[in-house]
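Dear colleague,

Please find below the structure I would like to hand over to you. My findings follow directly after it.

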Number of protein chains: 2
Amino acid sequence: MGPGKAELLEMIIETGSISAAAKRMRMSYRRAWELVDTMNRCFTEPLVITSAGGSHGGGASVTDFGKSILEAYQAIVVKTNEVASSEIAAITSHLRQP
Amino acid sequence: MGPGKAELLEMIIETGSISAAAKRMRMSYRRAWELVDTMNRCFTEPLVITSAGGSHGGGASVTDFGKSILEAYQAIVVKTNEVASSEIAAITSHLRQP
């Protein structure tokens, strides 16, 4: 789990589809599908389930399990920003594209 | 910056070469070189500099700037583990390969 996968889950919750989520993130459908597949394979339960509907046509939803993983990730980000803001700034201030 | 890139920097510091660092991480030389290139391009200064020596033959070293970025990253990890251990456990306990 990282920022890209977390945002993808958020966008799937918002849009109800991997294809629409990918478009919002300016990511290819193929790349979004790969990220979903990686998450589903890495965890003991699926985070995203898809319903039939042909190529790019089906819907997708984030499972309750997926939502609990996303919430844990979001809490880690919030807490990390609270306790390590100076170290985060030390890194991000030296990024070309912050 | 993430766990893979941080470990790669640590291994380059230890071994003095991208090739040896890649081998330690059971990663292809090509992949390690790509990670180094990404880091050097994303930051305002190089984190790793390489010396000549032909294909895979040259040495590599982590710059003082790279070491400062690595140290900031390591501090973030330590602090995050301190404040968000339950959320981290909630995620890692559900990973197939922890």
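L70(B) counts as buried, because its relative accessibility is 4%, which falls under the 20% cut-off. Please bear in mind that this is a value from a predicted model. The residue L70(B) sits in helix α4 of chain B. If neighbours within four places in sequence are set aside, the residues in contact with L70(B) are A6(B), L9(B), E10(B) and I13(B). Between L70(B) and R96(B) there are 26 residues in sequence and 28 Å in space, taken from C-alpha to C-alpha.

The same surface serves both copies, as 100% of the contact residues of chain B recur in chain A.

As to the extent of the interface, 22 residues of chain B and 22 residues of chain A take part in the contact. Together the two chains bury about 2100 Å², and 69% of this area is on carbon and sulfur atoms. Three residues, I91(B), H94(B) and R96(B), account for 26% of the area that chain B buries against chain A, more than any other three residues.

Two salt bridges are found across the interface of chain B and chain A. One of the pairs that form a salt bridge is K79(A) with E87(B), where the closest N and O atoms are 3.0 Å apart.

Finally, the side of chain B that touches chain A can be described by its elements and its residue classes. At least two residues each are supplied by α3 (29-42), α4 (64-83) and α5 (85-92) of chain B. The largest share, nine residues, comes from α4(B), the helix in which L70(B) is also found. By class, this side of chain B comprises 14 nonpolar, four polar and four charged residues.

With kind regards

Notes:
Residues numbered from 1 in each chain as written. Chains lettered and ligands numbered in written order. Predicted model: local features only at pLDDT ≥ 70, side-chain atom pairs only at ≥ 80, totals over all residues. Heavy atoms only, no water. Contact = heavy atoms within 4.5 Å. Buried area = accessible area lost by both parts, 1.4 Å probe. Salt bridge = Lys/Arg side-chain N within 4 Å of Asp/Glu carboxyl O. Helix = DSSP H or I, 4+ residues; strand = E, 2+ residues; numbered from the N terminus. Nonpolar A, V, L, I, M, F, W, Y, C, P; charged D, E, K, R; others polar. Buried < 20%, exposed > 50% of the residue type's maximum accessible area, 1.4 Å probe, protein only.
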